[in-house]
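The report below is meant for a reader who meets this structure for the first time. Please keep the sequence and the 3D view at hand while reading.

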Amino acid sequence: MSTDEKWKANLAKVAFMKQFPGVLESWKETAGKTIKAIVPLKSKPEEVVVIFSDGSFVLAPAHVPEPWELTDGLTEARSVLEPSHREAYAEHDRLTAKDRDATRAARTDKIIGAIQNNLEQIPDLKERIKALVKEWK
């Protein structure tokens, strides 16, 4: 077989695979489907073929989400997930508020500490802070 014939054969194979019956191109297409089987790839066990009861399938990498990704996902899907996970969302909200308050307190401490540490080196700092406070009243 010539190199040209090999190239054409590969192109035909790839074109057929892209049109293979049942292959899904997005997760949106899986909505409402029932999973029949999950088959790990031998070459990459962290990736799987998710096969649905209607014969359609999708390839999916295993993914351990970063905390920020989980936060985004939980926020975006809240209206769908919360009815099944009310207590978890309540705890998430409590912890998020606690983290926000701790961040605010830490920033305040850092600012106060910076002011106290610089009062001696910057004599006019005290007067400028007083002027700022007056401005806010």
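Lys-42 is exposed, because its relative accessible area is 86% and the cut-off for that class is over 50%. The residue sits in the loop that runs between E1 and strand E2 (47-52). The C-alpha atom of Lys-42 is separated by 28 Å from that of Gly-32, a residue ten positions away along the chain. As with everything that follows, this describes a predicted model.

Between E2 and E3 the antiparallel pairing extends over five bridges, and Val-48 stands opposite Ala-60 in E3.

**The aromatic residues**

How many aromatic pairs does the count come to? The count comes to two aromatic pairs, and they are set out in the table.

| Pair | Geometry | Centre to centre | Between the planes |
|---|---|---|---|
| Phe-16 and Phe-20 | edge-to-face | 5.7 Å | 80° |
| Phe-20 and Phe-57 | edge-to-face | 6.1 Å | 70° |

Phe-20 lies in the loop between helix H1 (3-18) and strand E1 (35-40), whereas Phe-57 belongs to strand E3 (residues 57-61), so the pair that they form ties together parts that are 37 residues apart in sequence. Phe-16, Phe-20 and Phe-57 form one aromatic cluster.

Is Phe-57 buried or exposed? Phe-57 counts as buried, because its relative accessibility is 16% and the class takes in values under 20%. Phe-20, by contrast, has a relative accessible area of 39% and is therefore partly exposed, since that class lies between the cut-offs of 20% and 50%.

**The surface patch**

Phe-20 also takes part in a nonpolar patch on the surface, which is formed by Phe-16, Met-17 and Phe-20 and has about 320 Å² of accessible area together.

Conventions. Residues are numbered from 1 along each chain as its sequence is written. This is a predicted model: local features need pLDDT of at least 70, side-chain atom pairs count only at pLDDT 80 or more; totals for chains, interfaces and linings use all residues. Side-chain values use heavy atoms; hydrogens and water are left out. Rings of Phe, Tyr and Trp (its six-membered ring) pair if their centres lie within 6.5 Å; planes under 30 degrees apart count as stacked, over 60 as edge-to-face and the rest as tilted. Helices (H or I, at least four residues) and strands (E, at least two) are DSSP runs, numbered from the N terminus. Buried means under 20% relative accessible area, exposed over 50%, partly exposed in between (1.4 Å probe, protein chains only). Patches are made of residues with over 30% relative accessible area and no salt bridge: like charges are joined within 9 Å, nonpolar side chains (Val, Leu, Ile, Met, Phe, Trp, Tyr) within 5 Å. Accessible areas come from the Shrake-Rupley method with a 1.4 Å probe; for residues, only the protein chains shown count as cover. A salt bridge is a side-chain nitrogen of Lys or Arg within 4 Å of a carboxyl oxygen of Asp or Glu. Two strands pair if DSSP finds at least two bridges between them.
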